[in-house]
Amino acid sequence: ADPDPLQDFCVADLNSSASVNGFPCKPSSEVTSGDFFFDGFTKEGNTRNIFRASVTPGNVLSFPGLNTLGISMNRVDFAPGGLNPPHSHPRATETGVVVQGKLLVGFVTTSNVFYSKEVGPGEMFVIPRGLVHFQRNIGEGKAQAFTAFNSHFPGTVLAASTLFAATPTVPNEVLTQAFQVDENVVNQIKSKFGS
Ligand code: GLV
Ligand code: MN
């Protein structure tokens, strides 16, 4: 979904304050082989959190060599029962492959149709751009997947956090009306997400 590049590469200068569609390129005299390799997926992510899952991004911020190339990946680790909670990527379609364990992968369309399947090692899935989706570890042990995106910076909107953990907070009257629940329910959900 990103625009086509206008040069071979443009390794991001993340320290530049210049504002462009992407990051400015660091001078090619400073570019080395190391700029095109990333070892951030060699370690398992820390799944000791409320969702028992961990997403390690290999996007332009962690891997500046991806800048302007319209592509990125994540490593996703799941403890037993772990959930990569419902979220969407405004700037990319996502595809993925399970390398260990068994995941329930699902997404919901703009017509509220839910598509899902149990996905095992070597099997691939696709999440159309912008649609809300999740993966849940439904196997006995750990699970691991790699995902890929047609953007160097797909963006992630977490369904729960975007409404219940925004700063400043989204007014309770909006949330009680939107979800047709009492204020105590809204406050309870807000408290779970630390706001
Ligand atoms: C999985 O949904 C991911 O965004 O990596
Ligand atoms: Mn995703």
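**Reading the strands and the core**

A: Let's start with the layout: going along the sequence, this chain runs β-β-β-β-β-β-β-β-β-β-α-α-α. Keep in mind that we're looking at a predicted model.

Q: How many helices and strands is that in the chain?

A: Ten strands and three helices.

Q: How many bridges join β4 to β7?

A: Four, with β4 covering residues 94-100 and running antiparallel to β7. As for a facing pair, Glu 94 sits opposite Ile 127 of β7.

Q: What about the largest nonpolar core?

A: The general idea: nonpolar side chains in soluble globular proteins tend to be buried together. In this chain, the largest such core has eleven residues, among them Val 76, Phe 78, Val 98, Leu 103 and Ile 127. At least two core residues come from each of β2 (72-78), β5 (103-108), β7 (124-127) and β9 (143-149). There's also a separate second core of eight residues, including Val 11 and Phe 153.

Q: Which residues does Val 98 touch, leaving out those up to four places away in sequence?

A: Its contacts are Leu 103, Val 119, Gly 120, Pro 121, Glu 123, Ala 143 and Ala 145.

Key. Residues are numbered from 1 along each chain as its sequence is written. Chains are lettered from A and ligands numbered from 1 in the order in which they are written. This is a predicted model: local features need pLDDT of at least 70, side-chain atom pairs count only at pLDDT 80 or more; totals for chains, interfaces and linings use all residues. A nonpolar core is a set of buried Ala, Val, Leu, Ile, Met, Phe, Trp, Tyr and Cys residues joined through C-beta atoms within 7 Å. A residue is buried if 20 or more other C-beta atoms lie within 10 Å of its own, exposed if 12 or fewer, and partly exposed in between; C-beta atoms are placed from the backbone. Two residues are in contact if their C-beta atoms, placed from the backbone, lie within 7 Å. Two strands pair if DSSP finds at least two bridges between them.
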